[in-house]
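This report describes a protein fold element by element, for a reader who has the coordinates open. Please keep the sequence and the structure side by side while reading.

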Amino acid sequence: MKAYLLLSLALLISCTTVKKTDAQPGNQLLKDVEILSSDAYEGRKTGTKGAEMARTYLSSRFSESGIKVLESLQGYEQAFTFINGSETINGKNLLGYIQGTTDSIIVISAHYDHIGIINNEIYNGADDNASGVAGLLKIAAHFSKQKPNYTLLFAAFDAEEMGLRGAKAFLINPPVVLSKIKLNVNMDMISHNDKGELYACGTFKYPELKKYFHTSSPNVKVLFGHDDPKLGHDDWTNQSDQGAFNEKNIPFIYFGVEDHKDYHKTSDEFKNINTAFFIDAAQSILEIVINIDKKRDIKSLSDEKRRMIK
Ligand SMILES: [Zn+2]
């Protein structure tokens, strides 16, 4: 009972300061993960009620974060259909943009779907990938106040867990001119690593991208790797949505952690992420995107690379 009273008092105190702390980006970041990975969202499996709830939440967060509806779409949603085994499944990406000073585009992406309910147990997918979506919203919130040079297209992809289906649908039926997309920055699992290590994958194929990697965050070591084809299964190039961009020879940076004890388990819950690591990981990714945006030289890089690949 005493503990209960103390807790009530603590809650009361924290409620009175909620306005101030809410303004801190770290807090909103955690709040987004906590909500999206709560049981009410039932693991956000593509085509389920939980996925629809996630879209409702994310649509309002897109709008709050200054993300605008694309001219070629009616709202944020891009619907697509695919066959999975014997089932026809309807997926929906959420897309929007922040206009830059140029029409060259960087796609900032993270998948919001997860694997749902299996044997009556909810797979909440806090790290995989509520964390990446929260990171995406943090980047949007920054650039809604500081106009970017590149036009930033924000993509919360559906059906990644069923084989990058949302990202593939986006690239088959792009809502913008494909050749304008200069880079994909994808986030998938950025909140859970006991060693403080975040991998940036993509610089093996595009070493020129390394020059943008200077960050200020103490709790994160950003490492290059997991992108050499010789690594076999440890090459992550095609293991999340950036793989669909890579297929089109669009340069990419994928941010993610190595698999951990809660990966694709019911224990991938909000309480098990590393909050200090996560806040700094999201900050580091934002800083790298800011560095890229300031330089404005991705255009020549990708055009040259695409010529070489042809
Ligand atoms: Zn994932």
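## Terms and basis

A residue is called buried if 20 or more other C-beta atoms lie within 10 Å of its own, exposed if 12 or fewer do, and partly exposed in between, with C-beta atoms placed from the backbone. Helices (H or I, at least four residues) and strands (E, at least two) are DSSP runs, numbered from the N terminus.

This is a predicted model, in which local features need pLDDT of at least 70 and side-chain atom pairs count only at pLDDT 80 or more, while totals for chains, interfaces and linings use all residues. Residues are numbered from 1 along each chain as its sequence is written.

In helix α4, the buried residues are Gly-50, Ala-51, Ala-54, Arg-55, Leu-58, Arg-61 and Phe-62. Viewed down the helix axis, these buried residues of α4 fall within an arc of 135°, so they line one face of the helix; the arc is that of the directions from the helix axis to the C-beta atoms. On the other side of α4, Lys-49, Thr-56 and Ser-60 are exposed.

The expected span of a helix is 1.5 Å times one less than its number of residues. For the 16 residues of α4 (residues 49-64), at 1.5 Å a residue, this should give 22 Å, and the end C-alpha atoms are 23 Å apart, which agrees. After α4 comes Gly-66, whose phi is positive, near 85°.

## The protein as a whole

The secondary structure of the protein comes to nine helices and ten strands, and buried residues make up 46% of its 310 residues. Two residues are in contact if their C-beta atoms, placed from the backbone, lie within 7 Å. Of the contacts in the protein with a separation of 6 or more, 78% are accounted for by residues 24 or more positions apart.

Helix α5 has 20 residues and reaches 28 Å from its first C-alpha to its last, close to the 28 Å expected at 1.5 Å a residue. The helix is mostly covered, with 17 of its 20 residues buried.

The axes of α5 (residues 126-145) and α8 (residues 275-295) come within 10 Å and cross at roughly 45°. That makes α5 oblique to α8, given that angles under 35 degrees count as roughly parallel, over 145 as roughly antiparallel, 65 to 115 as roughly perpendicular and the rest as oblique. The axes are lines fitted to C-alpha atoms, for helices over the stretch in contact, and angles run from 0 to 180 degrees between N-to-C directions. On the α5 side the contact is made by Ser-131, Ala-134, Gly-135, Lys-138, Ile-139 and His-142, and on the α8 side by Phe-278, Ala-282, Ile-285, Leu-286 and Val-289.

## The loop between β10 and α8

Lys-265 has its place in the loop between β10 (252-256) and α8, where its 14 C-beta neighbours inside 10 Å make it count as partly exposed. Lys-265 and Asn-124 are 141 residues apart in sequence but 8.5 Å apart in space, C-alpha to C-alpha.

Glu-269 is also in the loop between β10 and α8, and with 20 C-beta neighbours inside 10 Å it counts as buried. Leaving aside neighbours within four places in sequence, Glu-269 is in contact with Ser-37, Asn-124 and Ala-126. The C-alpha atoms of Glu-269 and Asp-128, which are 141 residues apart along the chain, are separated by 9.3 Å.

Helix α6 (residues 165-172) is mostly covered, with six of its eight residues buried, namely Arg-165, Gly-166, Ala-167, Lys-168, Ala-169 and Phe-170. These buried residues of α6 pack against the strands β1 (77-84), β2 (87-98), β3 (105-111) and β6 (151-157), and against α7 (242-247).

In the loop between β6 and α6 lies Ala-159, whose phi is near 60°, a positive value in a residue other than glycine. With 28 C-beta neighbours inside 10 Å, Ala-159 counts as buried. Arg-44, in the loop between α3 (25-36) and α4, has a positive phi of about 50° although it is not a glycine; with 30 C-beta neighbours inside 10 Å, Arg-44 counts as buried.
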